[in-house]
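Please open the model in your viewer and keep the selection tool at hand.

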Amino acid sequence: MAEKQLTIVPDRKRERCVTGIEGLDTILNGGIPRGNSVLVTGSCGTGKTTLSLEFLVHGALQGENCLFISVTEASEKMLNNIVPYDFFEDRLIDEGKLLFVDMPDIYDEMDILHKSEFSFEEINEIVERISDLVEKGNIKRLVVDSVTSVCFQLKTEEKIRDFILNLMKTLSAKGCTSILVSEISPEEPRYSLYGVEEAIADGIVMMGNLERQGDLLRTLQVVKMRGTEHSRAKYVLDLTPVGVLLVPLLKGGGLED
Amino acid sequence: MVTVNELSKKLKTLEPGSAIALKFDVDAYFELITSVCDDFVKNGKMNVIYTTSTIPAESIINVLDALEIERDSIHFTDAVSYMTMASTGRSKGVTFVESPTMLEYIMLKVEYLLRKYPAEENAVVIDSINSLAIHNDNRILAEFLHILVSNLRSYDCYTLIFAVAEQESEDIDNILAMVCDDIIEVTA
């Protein structure tokens with residue numbers, strides 16, 4: 001059997017996808033390695049959607065084509081509830097730099113909207129349709145919010161693995177850096193609902209609510225990111241009109257986690 | 001030691017990025033606020049981010065308004081009103097932090113205001129280390145001031161930390177000595 005030739009790309013040579021979220025880029029040593037698929041995971045109200053959308057807006061401002069696939073709620077409703085960014089420009093949507101697609105529309109086109117469980121063929125078709133959107137739109141940044149909701153209709157671990165693995169492979173091959181939003185309950189001892197997503201993803205950004213003496217702090221921690229050195233410390237974040245801001249979590253007091 | 005009337009002259013000699021503790025007699029409190037928010041910033045290029053955990057921002061605003069002090073370039077971070085269940089109505093130029101124990105959010109609001117209102121020069125007032133010390137352990141307070149002051153130095157931003165002379169303690173003096181370039185004693 002012929003041996004496969006491997007190309008090793010040292011850390012310093014990997015092109016970065018600068019998120020534009022200054023604190024996160026600092027944590028990641030310059031940004032997400034281009035083509036990585038990152039699981040942004042956390043319970044509700046931790047800022048996953050806001051962070052992901054800001055990642056796309058900065059990409060669009062830098063001239064990259066960006067796509068947001070909304071699974072759980074209509075994009076229009078989601079946009080109305082998001083923090084109004086000072087740096088947002090309507091032209092990004094008018095010029096097609098920032099696209100929104102609702103996953104139920106894709107399901108509807110495939111005539112599987114009301115199915116409780118998808119087959120392997122249907123899963124492959126979903127990946128193909130997303131791949132087509134990325135290919136035709138020359139999409140460089142993609143967010144799927146949330147991948148947990150897609151997995152809800154896949155049921156088995158095998159199907160979930162198949163879907164996520166294929167999706168990530170396809171996106172990476174196209175040089176598309178992606179964020180897959182994952183929803184977990186606060187008590188969950190792992191980073192994803194099914195446990196499969198976290199093993200396959202190139203990166204895991206954990207967002208949480210930390211209770212400290214009755215105060216509830218929004219936190220962010222990069223648990224894993226292939227292709228770069230990064231901080232693994234916990235940071236506190238604020239969602240503001242100038243974007244997501246991060247500062248280190250102070251360690252001097254007693255912490256309840 | 002300087003009188004509150006001489007303070008602004010002294011402050012104007014500071015290098016950008018300086019961190020100064022202002023240890024004042026409690027009688028000089030409102031004069032000190034006036035000196036910092038009016039005389040020190042009169043060059044028109046400076047923004048002041050005033051973080052209060054002592055009295056609500058609204059009270060300070062009322063004082064400044066009564067004295068007819070222009071406050072377009074003064075932005076407040078109020079970490080006391082929520083905790084005291086005081087009104088947090090949408091006062092112009094005030095951002096709120098839920099509690100003085102949420103020190104990270106004080107840093108985040110300062111960062112936000114620095115980005116939101118860019119200016120040639122910036123000064124951040126911490127009013128006061130004593131009120132923060134009521135609600136926070138000294139270790140976390142020292143860590144907070146160390147990170148905040150280091151960050152503000154990178155912006156060439158002045159940091160002015162209020163300390164009430166009547167409430168001084170060895171622990172607070174040690175923290176101030178660690179993070180500040182100078183401690184100025186201010187009398188009425």
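Begin in chain B, where α1(B) passes α2(B) in a right-handed crossing, meaning that the near helix is turned clockwise from the far one by less than a right angle. This is a predicted model, in which local features need pLDDT of at least 70, side-chain atom pairs count only at pLDDT 80 or more, and totals for chains, interfaces and linings use all residues. Residues are numbered from 1 along each chain as its sequence is written, chains are lettered from A and ligands numbered from 1 in the order in which they are written, and side-chain values use heavy atoms, with hydrogens and water left out.

Select residues 4–11 for α1(B) and 29–39 for α2(B), whose axes lie 9 Å apart at an angle of about 35°; axes are lines fitted to C-alpha atoms over the stretch in contact, and angles run from 0 to 180 degrees between N-to-C directions.

Next, select α4(B) (residues 103–116) and α6(B) (residues 138–154), whose axes come within 10 Å and cross at roughly 15°. That angle makes α4(B) roughly parallel to α6(B), a label for angles under 35 degrees. Their contact includes Met107(B) of α4(B) and Phe144(B) of α6(B).

Finally, move to chain A and select Thr170(A), which sits in helix α8 (residues 157–173). Thr170(A) is partly exposed, with a relative accessible area of 21%, where the partly exposed class lies between buried, under 20%, and exposed, over 50%, using a 1.4 Å probe and protein chains only.

Notes: Helices (H or I, at least four residues) and strands (E, at least two) are DSSP runs, numbered from the N terminus. Angles under 35 degrees count as roughly parallel, over 145 as roughly antiparallel, 65 to 115 as roughly perpendicular and the rest as oblique. Contact means heavy atoms within 4.5 Å.
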